[in-house]
Amino acid sequence: MHGISKHFGLVLANDQVDFTLRKGEIHALLGENGAGKTTLMRILYGLYQADEGEIKVQDQPVVISSPKDAIRHGIGMVSQHFALAAPLTVTENIILGTTSGLNLNMEHAERSVREASTHYGIQIDPVATIRDLSVGQRQRVEILKALYRDATVLVLDEPTAVLTPQEVEQLFISLVGLKEQGFSVVFISHKLHEVMAITDHVTVLRLGRVVGEVPTKDTSPNELARMMVGRSTFGVTNKPEDNGPHQEGLVLDRVTALDNKGLPALREVSLIVRAGEILGLAGVSGNGQTELAEVLAGTRPVTHGRVKVFEQDVTDFDAQAMMAAGVGRIPEDSRANIIGQMTVAQNMVIERLDQFSSRGYLDRRAIRRYAQELIKEYQIKAFPEDHMRTLSGGNLQKVVLARVLAQKPRVLMVAQPTRGLDVAATEYVRSKLLEQRSEGAAILLISEDLDEIMQLSDTIAVIYEGSIMAVMPASDATPEGLGLLMAGVQQT
Amino acid sequence: MQEALTTTFLVGLITATLRVATPLVYAAIGEVFTERAGILNLGIEGIMFLGAFVGFATAYTADQAGMAGYLWIGLFSAIIAGILMGFLMAFFSVTLGVNQHVSGLGITLLCTGLSLFGFRLVFGERAVLPSIDPFPQLSLFEGIPVLGDIFSQYLLTYVAFLVLVPLSWWLLFRTSLGLNIRAVGENPEAVDAAGLSVFRTRYLVLALGGGLMAIGGAFLSLAQLGAFTPGIIAGRGWVCIALVIFARWQPVRAMLGALLFGGVFALQLRLQTMGFELPFEIFLALPYLVTIAALALASRHVSYPGAYLKPYRRE
Amino acid sequence: MRLQIDKLPAPLWMRSLIPVVSVVVTFLLTSGFVLAVGANPVEAAYYFLLDPLSNPVRLIEVLVKATPLLMTGAAVAFAFAGGYWNIGVEGQLYMGATAATAIGLQMHDFPAWVALPLMVVAGFLAGMAWAVLPAFMKVRLKIDEVVTTLLLNYVAIYLVGAILNGPWRDPISQWPQSPEIAASAIFPRLIPRSRLHLGFILALVIIVVLWFVLSRTSFGLKMRAVGFNLDAAYFSGIHVNRVIMTVALISGGIGGLAGASEVAGIHFHLIDAISPGYGYTGIIIATLGSLNALGVAAAALFIGLIDTGSQTVSRALGVPAYLGDVLQATLLLVTLAMLLLQRYRISLRRKGSPQTE
């Protein structure tokens, strides 16, 4: 790829990017969130069209105007959010678009999928429904899907974000195997240690531009970090020392709850978070974290068990009552839980309109003033009248943080707070959490990012299939140990 | 009251049920395909209305011009009109990606307006409603009791139950096209990433759906009535929307739903003549109330197609 | 040079042109139909748009025609703004008309200051009552309100037909129309010897209340939040079910008011054609008005203009009056398309190197 540039409105996502992939190599495309890695690969796959630049496959210039062209040139892509149809089977998803003519012979298709599975060494069950598969299995389906179409180039976008450490190892083994068979892999990531572990070459993007391209063996994490963000270390936060035992801030006592389908999601979850402590809940997504967050948010009822906030029983309190009891909630997907079409100011007050209205009539001046105060205090780059959906990920998360922290919560429920944020925003969020910790809040941090859990938590718990596998002081935790627990391996 | 349980009554009821259900089978299957691809087409009522009008007006004109097969010309024109309206809906909901509720209702209002306008235009103001000789009924088992009566239906009815329903099932579940359609309705990104065109699939189902809906409407004017009245569709399109949910987007269940509505409708017609002291309008309202009740009873916790109502854009 | 389309809001001057452009495009598209009758499209446009404004009598007629439209438009806009697809305004109107007639027939011995408020309240409550079932089914059973509200329209119309052919059949003329309501129940005229009645004031009040609730009250903010993003609203602690129910009921009530107004102000009987589709036109008006009070008012007046014009068009040019319906539906669709354009900024850019699109 040579001289690729791409605009989205006023934003320059890719700026004269050159990217070369050699045959039989695993090439990392490294950069922090928002650097332009996904954009570049989506251009390669034909989902976007570049404004400038050209693409060459095996030295021949090609036009890729849609995924159909990309597939024809042997390019396959596994995106971060899998492109799978959940109610359909593995086979149906894999053969989608490969069959011509009208008739569909399912047995024939299943057989050929099984053959491909053995051939490439990627184990899956052709007749399983996607909905019933784990995240790791779904990823394997996606990879097989690309290989089934005779891809010689595989693009993997942040493939390890949703995997346990053991699954990551499995993936790496598969990738090395594919490399030896002559496939070429583009490995998009922002995780330095993975890049160092498995790749042959690294291209670093920063703010849409290529800032470096080196063979992996010739570089170091520090150097890569420097290229990625302009500093040699990043994301290191200093946790102040904890002194003495504290009051029980948040207590979950054998909490049991169902998911949206009526199946058990939480099984007798018991956790204690003390004032001035961060308890990090680690686990692969889909093991009950979402439901737990919703219970604490007041949007999901509990079937058994109790929840207490500083001695007050808040079991089955709704959202308003939870907030009144001093629970601050940072939701898993902020963008989905704010009203994009409403203004910053409106979003800041929407959780507590009664405080800003008298007898139903809104005090718009007070709302505006409140918003301006919070914007200043939290350095949010936006105006009160801006529509929320125009805000960047970082600023959006700041708004959510601001509206929650301004209420001086005694308990904080924080889910995936830095997902998708760039380094600066991530640091800001984490520092704010540590600040709240110093001020005595009891914080439950639910995160899929093990690094984040290990950096911020005083105590770490692991959730697997709705049950707490273990609780331990952070000092006793290791990534490998946590990885095993996350995968359901009970340690004796 | 004794009549209720005689064979004659039941046979008559079944025969009528099949006939009344026919337009619903066409239109509901058309909507099944459409919603399976993730689009709600509220233009269904209007397209049925337009199909009824275009079919009738063309057939009448062809008849006046002395053409043989004028009914088939009418049916064919109705199908074309339905397909065109399907394309129009596709333009709004797929290409432009506007709100599907409003664009669908807009199309219904447009088709209704066009049909009424067109009727005035073609026929002017008349004291007597223009009419034509409708499609004949085909008796398959002439002379045999029970079967002979039940199987005295219009060709379009036989086609609906014996050809369209199984064909639709096969198309949806046993062909590549059907797989495409289902995938588009669940996760268009998967389809796009696989190299297929989401737009093309959606345009196709909307055109197909439009054509089928138009046949449903044309059946009423060309076969059942042999005439066109403003009340010819009377909400059957909306009933089909309910039926599709009730049928969980499956062709065979949709057929059963159509039979349910048809049965209640045929029943209330008969009940009207049985000396109940209720105004006939109450009977007419019965099928609609039954549809609402069916929704209430059988449609909780239904899983809509994953991409329902969401226009697709490569973000 | 090529066209570059960016996802940025279009400049303000372009956006304010949208209604004008929509109208022009609509008339262009429908001119074919006018030509088909052998009439002159420009003349037709004149009769539709300008003639009704040309003399006081016609102008008053525009306001008369706009009266029920202001109300059904407000009813639909209110519901849509809250995320509730109330397509049942037509049925709610019919029920409101029926209830008002029921009251009106009993008011012979009561003065106007008793009869009129009772009529209005009855209309509102009946419309609300007709909206309960679909709202309940949505909130409790999670069943989509589109079909339920629609089907109830037909039930309402049949119900009114049954009543008019039965207990309320006019004993004198034997037509399916009710006896005349009491004189005290008739809406007074705003301008003597004209058709403009109290309903128009009522409609304006409703528009003002709509504006007030949507933009100045906490409920308005809550319901708009529900309309934009139900999950986020729920997360924010808004009692979503309560909001939906309230929105549905109020919307139904306003629809009922429209029915009461037509009976008390125009027809003085309940007739089976009390509404030539005002409920559905309300959807057009709500959309043209972008769901805000001022827009709804402007759209309702505009449609009232076209409705008045269509009668003249049919009389003067021999074009079937249904052209008005075609016009309105086309206007809706064209406006939908135009509203979309305002989200994009279109500019010319230099062409890049060979591989670009």
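1. Domain bounds, as used in this note, come from an automatic or database domain assignment. On that basis chain C is divided into domain 1 (1-39 + 320-357) and domain 2 (62-317). The model is a predicted one, in which local features need pLDDT of at least 70 and side-chain atom pairs count only at pLDDT 80 or more, while totals for chains, interfaces and linings use all residues. Residues are numbered from 1 along each chain as its sequence is written, and chains are lettered from A and ligands numbered from 1 in the order in which they are written.

2. In chain C, the centres of domain 1 and domain 2, taken over C-alpha atoms, are separated by 31 Å. Their contact draws 11 residues from domain 1 of chain C and 12 residues from domain 2 of chain C; two residues are in contact if their C-beta atoms, placed from the backbone, lie within 7 Å. The side of domain 1 of chain C that touches domain 2 of chain C has eight nonpolar, three polar and no charged residues. In these classes, Ala, Val, Leu, Ile, Met, Phe, Trp, Tyr, Cys and Pro count as nonpolar, Asp, Glu, Lys and Arg as charged, and the others, Gly among them, as polar.

3. Helix α11 (residues 278-288) and helix α13 (residues 323-341) of chain C have axes that come within 10 Å and cross at roughly 30°. Axes are lines fitted to C-alpha atoms, for helices over the stretch in contact, and angles run from 0 to 180 degrees between N-to-C directions. Helices (H or I, at least four residues) and strands (E, at least two) are DSSP runs, numbered from the N terminus. α11(C) and α13(C) are therefore roughly parallel to each other, a term for angles under 35 degrees. The contact involves C:T281, C:I284, C:T287 and C:L288 of α11(C), and C:Q328, C:L331, C:L332, C:T335 and C:L336 of α13(C). By class, these residues are five nonpolar, four polar and no charged.

4. Between chains C and B, 38 residues of chain C are in contact with 35 residues of chain B. On the side of chain C, two or more residues each come from α1 (12-36), α5 (112-141), α6 (145-165), α11 and α13. The largest share, 12 residues, is that of α6(C). This side of chain C comprises 30 nonpolar, six polar and two charged residues.

5. The contact of chain B with chain A takes 19 residues from chain B and 22 residues from chain A. α7 (176-186) and α8 (188-193) of chain B each supply at least two residues of the side of chain B, and α7(B) gives the most, with six residues. The side of chain B that touches chain A divides into eight nonpolar, five polar and six charged residues.

6. An open sheet in chain A has four strands in the order β12-β11-β14-β15, with antiparallel pairing. β12 (264-274) and β15 (312-313) of chain A stand at the edges, each with a single partner strand, so one side of each lacks a neighbour in the sheet. Strand β14 (residues 304-309) of chain A pairs with β15(A) over two bridges; strands pair if DSSP finds at least two bridges between them. Helix α9 (residues 289-297) of chain A packs on the sheet, touching β11 (248-258), β12 and β14 of chain A, and its direction makes about 60° with that of β12(A).

Conventions: Angles under 35 degrees count as roughly parallel, over 145 as roughly antiparallel, 65 to 115 as roughly perpendicular and the rest as oblique.
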